[in-house]
Amino acid sequence: MLEIKNLHVKLADEDKVILKGLTLSVPKGEVHAIMGPNGSGKSTLAYVLAGREGYEVTDGDILWNGESIIEMEPDERAAKGVFLAFQYPMEIPGVAGLTFLRTATNAVRKKRELPEMTTPEFMKFVKEKAAKLNIDFEMLKRPVNVGFSGGEKKRSEILQMAMLEPTLCVLDETDSGLDIDALKVVSDGVNALRGPDRAMLVITHYQRLLNHIVPDKVHVLADGRIQKTGGKELALELEKSGYAEFTGKAA
Amino acid sequence: MEGAAAVSEKAGRGMTVQMLSTKAEQAILASFEANAATLPGGAAVAALRRAAIGAFASKGLPSRRVEEFKYTDLKANVKDVLPLATGGGTSDAATALGAHFGPDFAANAVVFADGRGVAAKAGVTFLADALGKAPDWVSAALADAELSASSDLLLNTALFTDGAVLDIAAGAEVAEPIVIAATAKDGAMTALRHVIRVGAGAKATIVEIERAPKGSGVRQSSALTQIMIADGAEVVHIKLVETQKGSLHLSHWQANLGANVSYKPFQMTVGEGFVRNGLNVLFNGQHSTFDYGAASVGHGTGHADSSLIVDHKVPHCTSRELFKTVLDGQARAVFQGRVIVRPNAQKTDGKQMAQALMLSPDAEFDSKPELEIYADDVVCGHGSTAAEIDPDLVFYCTSRGIPTAVARGMLIESFIGEAIDKVEHEGLREALGEIARDSLTA
């Protein structure tokens with residue numbers, strides 16, 4: 001279970017406070033969506049969960065399976081099962097996709113006290129996962145995300161997620177930059193990972209993604225706090241009424 | 001330094017100057033006088049050497065006032081001159097090549113130890129042996145006026161003790177790389193001159209390696225390669241130099257390209273010594289391509305200078321330069337890319353990029369593009385960057401479970417790998433990659 005308790009976060013270099021007492025729980029086996037207007041703190045929440053530098057937690061805590069993760073390095077969190085699918089996946093020139101995947105997979109397995117995969121095991125594993133996501137295997141021989149289209153980058157994120165077998169998946173605006181076919185492939189990939197041992201937090205601005213990844217709960221994030229929580233029907237309401245109600249409250 | 005300026009000024013007015021200002025310059029003159037009688041070559045070569053040392057005496061070692069040595073001041077940095085090695089050493093190919101090179105390379109290597117050839121290979125002649133009966137093209141190359149421009153080259157002409165003479169016949173396709181390996185004892189100076197001619201339509205890969213393994217003492221070396229490439233030939237020319245602290249390596253390549261030539265040089269410099277890699281390219285025929293790559297890894301107080309002069313004398317030629325360096329400690333790298341496009345050299349296409357990855361706040365990267373364009377229908381561009389490792393990329397890697405140190409290593413390797421990837425020969429590319437990797441973790 002993910003428990004975010006009264007989380008206050010500011011930018012490390014500036015006085016700007018972004019999260020102002022965010023409280024949220026996602027039990028294992030559930031998928032929760034976070035929706036909110038631009039600037040509400042959605043991406044900050046995603047980065048703080050993954051452990052990116054540049055943010056300072058001034059109050060509150062984040063517990064994953066009962067253990068606080070806020071002091072952990074990003075790689076330790078990954079080993080504990082945390083995975084962030086980036087809104088803008090980064091390009092790494094000069095590092096082949098397969099090398100990257102193998103390094104990451106084995107690093108995580110090592111920390112989880114699982115045996116490292118041999119080359120044939122790894123190749124079989126990656127081929128299987130890539131095929132399910134319609135990823136051309138040749139693409140993985142190229143440098144990570146370099147020259148990939150928006151859709152290819154998002155599929156590459158989901159492939160990494162599938163390879164690392166996380167237990168807490170945070171998807172940051174995974175629908176941005178996707179056409180309808182790519183959205184379906186990506187959503188199918190995410191849905192395939194739904195399971196009783198896995199919690200998912202799907203961050204999105206639009207309701208569209210939630211037609212494909214149907215959430216158990218929807219939270220509205222505005223002005224650094226959860227303003228409202230409801231079932232999947234809340235997303236449809238928001239699509240009609242917009243976020244004015246919440247941004248008004250925030251102002 | 002004041003004295004040096006005064007001396008060269010007088011010399012410029014045509015006065016004969018016997019006194020030099022620095023101890024190193026005097027030691028070079030003394031070394032020449034001590035060895036002149038026994039240096040290889042007949043009367044013509046002796047005269048060439050005498051003229052070269054005379055010109056050197058008037059110019060002195062290049063200081064930072066000489067534009068080509070702006071960041072690599074030999075007058076200030078060369079304090080002592082080691083005695084000239086004139087042979088007597090032994091080495092086998094495997095030792096000379098050092099770690100990372102397998103027996104395939106050793107089998108194709110010609111080896112020089114302490115300034116003299118010790119292991120021959122079919123098709124390669126030792127210059128010292130050839131001088132008495134040198135073919136005209138070798139004699140002409142040795143006397144090339146282009147080489148009197150700079151005193152580091154004059155020094156080589158005056159002192160060279162041997163070198164490889166390689167004459168690749170027109171149309172020949174040499175499958176395996178031809179390796180020229182040089183090694184030397186500690187505490188000595190060596191001077192080698194390689195003269196290479198590649199016939200029309202021939203294909204060859206030539207590799208020069210000079211490595212002082214870790215733990216070596218101080219060494220000084222001068223290596224000058226002249227390569228003449230005839231029409232339609234395709235040449236890959238690779239250099240690896242590894243130096244240790246306190247050592248000096250002065251390298252220069254002089255390349256003359258015919259028409260429709262593909263010339264791909266790649267130079268890698270690792271270690272903590274003081275290294276100069278000069279490269280002059282002359283486009284003498286149309287539709288030729290010069291595609292240069294360089295990678296250097298600097299530590300400690302290492303200094304690696306790559307200075308190029310690319311002379312587009314004729315139309316329709318292409319030049320590409322990619323220089324990448326990783327700098328740690330107080331290491332310094334220099335890239336000078338001078339591109340001259342002569343008035344008639346229309347349709348010239350020249351691009352250069354120099355990039356440094358700075359791992360330490362005390363490292364220094366000096367990058368100086370110099371474009372002299374006298375033709376109006378050309379495309380020429382240059383770029384240069386110096387940056388630290390991108391923290392966003394480190395985060396991306398660590399968020400996937402990769403530990404920070406591994407992530408940084410991977411990113412550094414990929415940075416330098418982009419240059420090494422220009423080496424098409426798989427075995428060479430892998431060996432150079434491993435050498436870069438090992439020096440990155442040194």
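Modeller: A helix here is a DSSP run of H or I with at least four residues, numbered from the N terminus. The model is a predicted one.

Colleague: How many residues apart in helix α4 of chain A are K124(A) and E128(A)?

Modeller: K124(A) and E128(A) lie 4 residues apart in α4(A), which spans residues 119-132, so about one helical turn separates them. Their side chains form a salt bridge, with an N to O distance of 3.9 Å. A salt bridge requires a side-chain nitrogen of Lys or Arg within 4 Å of a carboxyl oxygen of Asp or Glu. Over all chains, the structure holds 36 salt bridges.

Colleague: By what is the arrangement of two packed helices described?

Modeller: Two packed helices are described by the angle between their axes and by the distance between those axes. Consider helix α3 (residues 97-111) of chain A with α4(A): the axes come within 11 Å and cross at roughly 110 degrees. Angles of 65 to 115 degrees count as roughly perpendicular, and α3(A) and α4(A) are therefore roughly perpendicular to each other.

Colleague: Which residues in α3(A) and α4(A) meet?

Modeller: From α3(A) come L98(A), L101(A), R102(A) and T105(A), which meet T119(A), F122(A), M123(A) and V126(A) of α4(A). By class, the residues of this contact between α3(A) and α4(A) comprise 5 nonpolar, 2 polar and 1 charged.

Colleague: At what angle do the axes of helices α5 and α6 of chain A cross?

Modeller: The axes of α5(A) (residues 150-164) and α6(A) (residues 180-192) cross at roughly 5 degrees and come within 10 Å. An angle under 35 degrees counts as roughly parallel; α5(A) and α6(A) are therefore roughly parallel to each other. On the α5(A) side, G151(A), K154(A), R155(A), I158(A) and M161(A) take part, and they meet A182(A), V185(A), V186(A), G189(A) and V190(A) in α6(A). The residues of this contact of α5(A) with α6(A) divide into 6 nonpolar, 2 polar and 2 charged.

Colleague: Where is I226(A) placed, and which residues does I226(A) touch?

Modeller: I226(A) belongs to strand β12 (residues 225-230) of chain A. Leaving aside residues up to four places away in sequence, I226(A) touches L22(A), T23(A), L24(A), I34(A), H219(A), V220(A) and L221(A). Between I226(A) and G36(A) the separation is 190 residues in sequence and 9.2 Å in space, C-alpha to C-alpha.

Colleague: Let us turn to the interface. How many residues of chain B are in contact with chain A, and what area is buried between the two chains?

Modeller: Chain B has 15 residues in contact with 30 residues of chain A. The buried area is about 1,800 Å², with carbon and sulfur atoms giving 70%.

Colleague: How many salt bridges and polar contacts are found between chain B and chain A?

Modeller: There are 2 salt bridges between chain B and chain A. The side chains of D392(B) and R52(A) form a salt bridge at 2.7 Å, N to O. On the side of chain B that touches chain A, α10 (391-398) and α11 (404-420) of chain B are the elements giving two or more residues. The largest share, 6 residues, comes from α10(B). By class, that side of chain B has 9 nonpolar, 4 polar and 2 charged residues.

Methods: Residues numbered from 1 in each chain as written. Chains lettered and ligands numbered in written order. Predicted model: local features only at pLDDT ≥ 70, side-chain atom pairs only at ≥ 80, totals over all residues. Heavy atoms only, no water. Axes fitted to C-alpha atoms, helices over the stretch in contact; angles between N-to-C directions. Parallel < 35°, antiparallel > 145°, perpendicular 65-115°, else oblique. Contact = heavy atoms within 4.5 Å. Nonpolar A, V, L, I, M, F, W, Y, C, P; charged D, E, K, R; others polar. Buried area = accessible area lost by both parts, 1.4 Å probe.
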